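This report concerns side-chain packing in one protein chain. Please look at the structure before reading on.

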Amino acid sequence: MQSIMISHLEKWKKKGKKFAALTAYDFTFAKLFFNEGIKVLLVGDSLGMTIQGHNSTLPVTIDDIAYHTAAVYRGAPNALIISDLPFMTYSTPKMSFKNAAKLMRIGANVVKLESNPWVIETISMLSERSVPVCGHIGLTPQSVNILSGYKLQGSNEKHANLLLKNAKAIESAGAKLLVLEYVPSKLAKVITDTLNIPVIGIGAGNYTDGQILVMHDILGITDGYIPKFAKNFLSETGNIRSAVRQYISEVESGIYPDSEY
């Protein structure tokens, strides 16, 4: 079976073909998701909340991500696997090199890091060293204490312009992908149309090249806070495999996310 590469996502963007992605944390779900058509999997630091029971992503360690990346790789070795660099694991270039290498040796194809302007140099240095990088802007959960909660970002012109400027800088630094979280759909469209690299949205409307959700959200098993952009596909379909296929279908057709989400 052909492995999914970044080049596939780039071709899909050029053709206007939308794609669906999901978080995954273990062998069983990674295999199920890939077999049902999910070709891009994120081993997110969201596991701190969904798997470990913390109230934020901050306690997650690089060893946690490495453990779950290895499990996901065993389940879906042909998927494009994106693994998060957790809180304070890329605060210096040296740390970034060490931790990115650890994840890629274990099965990650891309590392994702929350991309404030100070990270641009690190993105460039990782890219120069053959590490594919996925930037992440908008709502950045590792900055929850600075942002004072999980709030919509880029809602005014000044902040929107800053996010667009940051997105351009991330691409110029060599990033291959960008995750855009919880921003107005009009801003998401501008960023998606401006960048040549694929943009994956979460809570950013349906103009982005791809969509990603936390697996627990599409299955309606999230405990506690449920984002307004989350949709329970399992309640509509009755079984997990059908829920995944329905999610893919709605993303590819542009039905999800609609104005309700």
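The text below covers the nonpolar core, the aromatic pairs and one glutamate.

The model is predicted: local features need pLDDT of at least 70, side-chain atom pairs count only at pLDDT 80 or more, and totals for chains, interfaces and linings use all residues. Residues are numbered from 1 along each chain as its sequence is written, and side-chain values use heavy atoms, with hydrogens and water left out.

The largest nonpolar core has 82 residues. Such a core is a set of buried Ala, Val, Leu, Ile, Met, Phe, Trp, Tyr and Cys residues joined through side-chain atoms within 4.5 Å; buried means under 20% relative accessible area, exposed over 50%, and partly exposed in between (1.4 Å probe, protein chains only). Phe-33, Ile-191 and Tyr-247 are among the residues with the most contacts inside this core.

There are eight aromatic pairs. Rings of Phe, Tyr and Trp (its six-membered ring) pair if their centres lie within 6.5 Å; planes under 30 degrees apart count as stacked, over 60 as edge-to-face and the rest as tilted. Two of the pairs are tabulated.

| Pair | Type | Centre to centre | Angle between planes |
|---|---|---|---|
| Phe-29 and Phe-33 | tilted | 5.6 Å | 40° |
| Phe-233 and Tyr-247 | edge-to-face | 5.4 Å | 65° |

Phe-29 is partly exposed at 22% relative accessible area, whereas Phe-33 is buried at 0%. Phe-233 is buried at 0%, and Tyr-247 is buried at 0%. Ring pairs join Phe-233 and Tyr-247 with Tyr-256 and Tyr-261 in a cluster.

Glu-250 is buried, with a relative accessible area of 5%.
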